[in-house]
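Below is a briefing on a structure with its sequence.

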Amino acid sequence: MPLVEVSRLVKHFVRGRGLLRPGRIVKAVDDVSFAVEEGETFGLVGESGSGKTTTGRCLLRLVEPTSGSVRFRGEDVLAFPRRRLREARRDMQIVFQDPYSSLNPRMRARQIVEEPLVIHGLGNRGGRRDRVAELFSLVGLDPSHLERYPHQFSGGQRQRIGLARALALNPSFVILDEPVSALDVSVQAQVVNLLMDLQERLRLTYLFIAHDLRLVEHICGRVAVMYLGRIVETGPTSAIFASPRHAYTRALLSAIPVPDPDAPRRRIVLDPAEMKPEATLREVAPGHFAAI
Amino acid sequence: MVTDPLLRVEDLTTVFDLPSGAVPAVDDISFEVRAGETLGLVGESGCGKSVTALSIMRLVQAPGRIAGGRLRFKGRDLMALSEREMQGVRGAEIGLVFQEPMTALNPVFTVGDQIAETLVVHGRAGRREAMRQAVDLLAAVKIPNPDSRITDYPHQLSGGMRQRVLIAMALACRPSLVIADEPTTALDVTIQAQVLDLLREMKDTLGLALLLITHDFGVVAETADRVAVMYAGRIVEEGPVRAIFREPQHPYTRGLLASMPGGAPGRRLRAIEGSVPALGALPRGCAFHPRCPDRFDECTTAPPPEFAVGDGHTARCYLHDVRLKPDTAKGRAAGGDAAR
């Protein structure tokens with residue numbers, strides 16, 4: 001049984017609705033299905049507006065899906081009543097993209113990391129204090145900086161605080177929504193290494209949402225490519241990068257700037273005629289599906 | 001063949017006057033852009049690359065100011081120009097493309113008006129003629145249906161289209177140099193590829209020189225002829241694009257290139273330790289030394305001077321100071337390469 005199983009997930013937003021106008025329906029997530037196996041890193045890639053972030057938020061019900069199902073350890077998350085949902089969220093956490101806006105500037109680092117423990121009523125003061133110090137070391141922060149405020153940390157350190165907070169409740173599943181894209185290039189690798197180390201030590205399962213395809217290729221075992229709210233191709237990362245089958249995936253991969261001045265450049269421009277919006281995913285190689 | 005460079009920046013220093021004192025954002029940098037070439041200026045946020053662009057255009061605003069240096073453009077001293085003369089250079093002889101296509105355009109004027117205005121302000125055309133040229137420019141940057149797009153407002157265009165409009169504006173007066181500051185950073189990767197292709201094509205057909213400012217080594221590899229790497233307000237390495245990628249000679253450049261995802265999937269990346277120092281609190285000596293895997297005693301003494309390390313290739317790193325450590329210096333530099 002996969003740890004997370006998403007099937008036929010749909011999220012529609014209504015835009016421009018007025019008193020007398022019905023508004024226009026935007027299909028942010030349009031019939032998306034995938035499964036994440038325990039211990040793997042599953043990549044969700046796409047450009048802005050592809051629905052990857054909304055999909056991630058639907059899994060935790062930070063955004064309520066319009067229809068579909070999300071099963072976590074076999075249980076339907078969308079059917080959970082409030083209390084049960086709160087409990088389930090201990091096991092499913094999210095790290096946001098921007099470490100500058102996702103941490104409360106008025107709280108000390110210690111309070112930020114401790115907050116999930118307080119909300120879920122875990123441990124006493126002393127126990128929580130020890131746990132926060134432990135989490136701080138776990139993510140490579142200096143426990144002597146616990147009383148500092150977010151602005152006193154660098155971007156990379158702030159992202160470590162966000163990670164410590166996400167790990168406070170010992171989750172098994174963590175959604176990483178563009179976790180390094182706001183960081184300096186020289187710091188990105190540190191955080192990527194930390195994410196890989198933590199996964200190994202804590203046996204974490206990641207849903208890695210990103211637009212940086214080079215990074216996705218490096219850390220994700222399997223990947224789903226989203227375009228306009230749909231998954232157009234999914235399968236083992238190596239297979240998709242080596243032989244992409246969908247026109248959009250081909251265009252996307254050919255657009256990655258290669259850090260090698262002698263690399264051959266064959267840009268594939270997306271031809272709208274090649275897009276078949278009605279095509280459904282079919283298996284083109286073992287475990288490799290494309291909507292062609 | 002020796003040709004005079006189009007733009008020569010010499011010993012440029014731009015400081016910000018803060019309550020704590022004058023903080024140099026750009027510290028004594030020198031480089032050239034030759035006619036028809038693309039120089040990639042790479043560095044992380046806060047390294048001074050954007051301030052360098054603003055300094056060249058003399059657009060640095062208080063509390064920032066140019067504290068020293070010379071800017072020679074087509075043999076003229078830009079620092080000696082009056083503000084009025086400088087306005088004649090900006091946008092006309094030196095085009096500028098900013099990062100944010102959303103904020104760089106005025107939301108209450110049509111894109112046609114804004115392109116035409118550039119031509120009118122610089123006295124290149126009357127109103128009607130300027131509008132006609134604006135249509136041609138939109139066509140040149142490959143905006144479909146330029147005749148009708150000309151009356152669109154910025155919000156009616158996608159991010160990639162807005163960036164094309166900015167490029168059209170930068171090219172309107174046929175500049176010989178275009179400064180593009182992170183022109184594709186806000187764009188999706190497929191749109192980025194189109195805009196980079198467009199910039200390259202414009203550069204070739206119009207024979208202009210490009211100063212491309214970016215943090216992305218992939219963009220540099222695709223676009224630049226030469227590369228200057230900045231760290232903490234200084235240029236630490238400069239050279240032809242192949243030399244920079246094949247034989248980087250500064251530990252920072254090497255570290256950045258080695259830290260990029262690649263190699264066997266799932267392997268740990270080679271991270272650079274620590275983080276970028278704050279400009280007001282730079283370490284003594286070489287600003288990179290606390291993060292440098294190859295540091296030695298000399299690195300903490302004074303900022304390293306420029307050493308020639310190859311044909312048209314320089315690095316500010318004591319590893320290349322043969323007088324200082326004849327054996328170790330060369331050995332370390334070579335060893336660093338071999339390790340990768």
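This is a predicted model: local features need pLDDT of at least 70, side-chain atom pairs count only at pLDDT 80 or more; totals for chains, interfaces and linings use all residues.

A residue is buried if 20 or more other C-beta atoms, placed from the backbone, lie within 10 Å of its own, exposed if 12 or fewer do, and partly exposed in between. Helices (H or I, at least four residues) and strands (E, at least two) are DSSP runs, numbered from the N terminus.

Residues are numbered from 1 along each chain as its sequence is written, and chains are lettered from A and ligands numbered from 1 in the order in which they are written.

- The buried residues of α1(A) are Lys52(A), Thr53(A), Thr54(A), Thr55(A), Gly56(A), Arg57(A), Cys58(A) and Leu59(A).
- Val216(A) lies in helix α7 of chain A and is buried, because 23 other C-beta atoms are within 10 Å.
- Two residues are in contact if their C-beta atoms, placed from the backbone, lie within 7 Å.
- Leaving aside residues up to four places away in sequence, Val216(A) touches Gly43(A), Val45(A), Phe208(A), Ala210(A), Val223(A) and Thr237(A).
- Thr41(A) is 175 residues from Val216(A) along the chain, and their C-alpha atoms are separated by 9.4 Å.

**Chain B: overall fold**

- Chain B contains 11 helices and 12 strands.
- Its C-alpha trace spans about 70 × 50 × 45 Å along the principal axes.
- The radius of gyration is taken over C-alpha atoms, and the globule rule is 2.2 Å times the number of residues to the power 0.38.
- For 340 residues a compact globule would have a radius of gyration near 20 Å, and the 21 Å of chain B agrees with this.
- Of the 340 residues in chain B, 46% are buried.
- Among contacts in chain B with a separation of 6 or more, 63% join residues 24 or more positions apart.

**Chain B: α3 against α4**

- Axes are lines fitted to C-alpha atoms, for helices over the stretch in contact, and angles run from 0 to 180 degrees between N-to-C directions.
- The axes of α3(B), residues 111-121, and α4(B), residues 127-140, come within 8 Å and cross at roughly 120 degrees.
- The two helices α3(B) and α4(B) are therefore oblique to each other (under 35 degrees is roughly parallel, over 145 roughly antiparallel, 65 to 115 roughly perpendicular, and the rest oblique).
- Gly112(B), Ile115(B), Ala116(B), Leu119(B) and Val120(B) of α3(B) meet Arg127(B), Ala130(B), Met131(B), Gln133(B), Ala134(B) and Leu137(B) of α4(B).

**Contact between chains A and B**

- Chain A gives 31 residues to the contact and chain B gives 34 residues.
- On the side of chain A that touches chain B, the elements giving two or more residues are α6 (185-202), α7 (213-219) and α9 (247-254).
- The largest share of that side, 8 residues, comes from α6(A).
- α6(A) packs against α10(B), residues 251-259, at an angle of about 45 degrees, with their axes 9 Å apart.
- That angle makes α6(A) oblique to α10(B).
- Val185(A), Ser186(A) and Ala189(A) of α6(A) make the contact with Gly255(B), Leu256(B) and Ser259(B) of α10(B).
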